[in-house]
Amino acid sequence: MLDTFFNVEIMKAAWPILLAGLGNTLLLSVTVVPLGLLGGLMLALLARLHSPWVRWPLMAWVDFFRAFPPLVLLILLYAGLPFIGIELGGFGCVAIAFFLNTGAYYGEILRAGIDSVPTGQTEAARSTGLSASQTMAWVVLPQAVRNVLPDLMSNTLEVVKLTALGSVVAMPELLFQARQAQSLTYNPTPIVVAALVYFALLWPLVRLLSRLENRALRAG
Amino acid sequence: MIEAIGLHKHFGALHVLKGVDLRVADRELVFVIGPSGSGKSTLLRCLNRLETPDAGSIVVDGIDLMHRRTDLNAARRRIGMVFQGFNLYPHMTALGNVTLALRKVAGKGRAEAEALGLAALERVGLRDRAGHTPGQLSGGQQQRVAIARAIALEPRVMLFDEPTSALDPELVGSVLAVMRELREDGMTMVVVSHEMGFARAAADRVVFMDHGQIVEQGPPAAIFEAPQEARTQAFIGQIQRH
Ligand SMILES: Nc1ncnc2c1ncn2[C@@H]1O[C@H](COP(=O)(O)OP(=O)(O)O)[C@@H](O)[C@H]1O
Ligand SMILES: [Mg+2]
């Protein structure tokens, strides 16, 4: 049993491979999270323009990418783009798919955050001469982010987990590397180790999140 | 200092300002009273263009606020506003609240902005609270920080929209004291408030509004003691009974 799932020899052999995978997972995460946040911020700011020419396409965009399974989106990009002459490789496809998918989620969260800031804040800022964009940057956004921090973190957690999807387009992230090692060694130990690594990576985030959520609950 | 002529404002089908003329001289303190919903806040908010009137002209300190090419942000620096709900930035300290516009609008460096900010807090008696966040201050203190935030920019005019009506009675005095000092320093002020005692002591003129129109105006004694219009009499009678 221990030899099957927790084989120390195999663990030693697979470790460098897994470590490279972890490196790629982290690289993917620190690319994809800021990209998604940036996309989300753009969507949230666009949502403040009240023109119907912006509103309806924006709503369609957000709905579409929230409804579209990210795995399907990723495979579609990876398999489809080469046919129109665009070769992005695994990393590029993952980055774009996440920008589209996770940006839509971040966008909705940030929009709710911006809506939660009382209009009196904007009025006070504008009355001192701050421009609309200065008001957004210095007064509204900091409060908006603080108000939806648990949601932002929980989405970030999802995003880091979803980086495992990169394995289906041969991105050598943690899961992909673990499967490689498994097929080389004919032993599930690398997968078990990968699972533990994911857990070690995400558990502190989960803890922090529940503390934030509890605090938010207590604050009412 | 302020010349607002022929102001009209609609919210949808609701006609909120129906041809209001308001002139305020340099160093004058004008009190605006009237029933809830009569358009006092809307009038005040037109004076710094937080609200855009549908018709009329507004000139403040020589700046035409209705002109398309007027830089409203620059103009608003000269027109301080204090709100009923304080509207302090909760994520900043008192000093941060006061220095934000000094840095971003007036373009002061950090050190200069902080010196000016502390001086403004000093004027409202809260220099020792510079590092506190709004949540750590009483309502009266918050409103005084809000006043400091406005006066730090050295405005030519101050607009007050019911500055004391969200306060516990025992905290009202500290805010009125700050307003009285501003008055003594020669600040031009338009104050929407029902603090009759303060009006009597400090106002040059009281304006009574009802249903989007100025019904009657005059010196405090005349308006409070001998109002001419029936609607003014009814309103004064009502608030004096309270
Ligand atoms: N942004 C707005 N949208 C729609 N109606 C408004 C808005 N602001 C004020 N009103 C309406 O205009 C009228 C006058 O409001 P206001 O100027 O706040 O009166 P006051 O300050 O004298 O109580 C009220 O009937 C109010 O409901
Ligand atoms: Mg009002």
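Let me start with Arg126(A), which sits in helix H6 of chain A, residues 119–127; helices here are DSSP runs of H or I with at least four residues, strands are E runs of at least two, and both are numbered from the N terminus. This is a predicted model, where local features need pLDDT of at least 70 and side-chain atom pairs count only at pLDDT 80 or more, while totals for chains, interfaces and linings use all residues. Residues are numbered from 1 along each chain as its sequence is written, chains are lettered from A and ligands numbered from 1 in the order in which they are written, and side-chain values use heavy atoms, with hydrogens and water left out.

Arg126(A) has 22% relative accessibility, so it counts as partly exposed. The classes are buried under 20% relative accessible area, exposed over 50%, and partly exposed in between, with a 1.4 Å probe and protein chains only. Leaving out residues up to four places away in sequence, Arg126(A) touches Ser131(A), Ala132(A) and Thr135(A), and from chain B Leu50(B), Asn73(B) and Arg76(B). Contact means heavy atoms within 4.5 Å. Pro188(A) is 62 residues from Arg126(A) in sequence, and their C-alpha atoms are 61 Å apart.

Staying in chain A, Phe6(A) is in the loop between helix H1 (2–5) and helix H2 (8–46). Its relative accessibility is 39%, so Phe6(A) is partly exposed.

Now chain B. Leu95(B) belongs to helix H3, residues 94–104. Is Leu95(B) buried or exposed? Leu95(B) is buried, at a relative accessible area of 14%. Beyond four places in sequence, its contacts are Glu114(B), Gly117(B), Leu118(B), Leu121(B) and Ala130(B). Ile5(B) is 90 residues away along the chain, with 37 Å between the two C-alpha atoms.

Last, helix H9 of chain B, residues 230–241. Its 12 residues, at 1.5 Å a residue, should span 16 Å, and the end C-alpha atoms are 17 Å apart, which agrees. The expected span is 1.5 Å times one less than the number of residues. The buried residues in H9(B) are Thr232(B), Phe235(B), Ile236(B) and Ile239(B). Down the helix axis they fall within an arc of 95°, so they line one face of H9(B); the arc is taken from the directions from the axis to the C-beta atoms. An α-helix has 3.6 residues a turn, so residues three or four places apart point the same way. Cover for the buried residues of H9(B) includes strands E3 (29–33), E9 (205–210) and E10 (213–218), and helices H7 (196–202) and H8 (220–225), of chain B. On the face turned away from the buried side, Ala230(B) and Arg241(B) are exposed.
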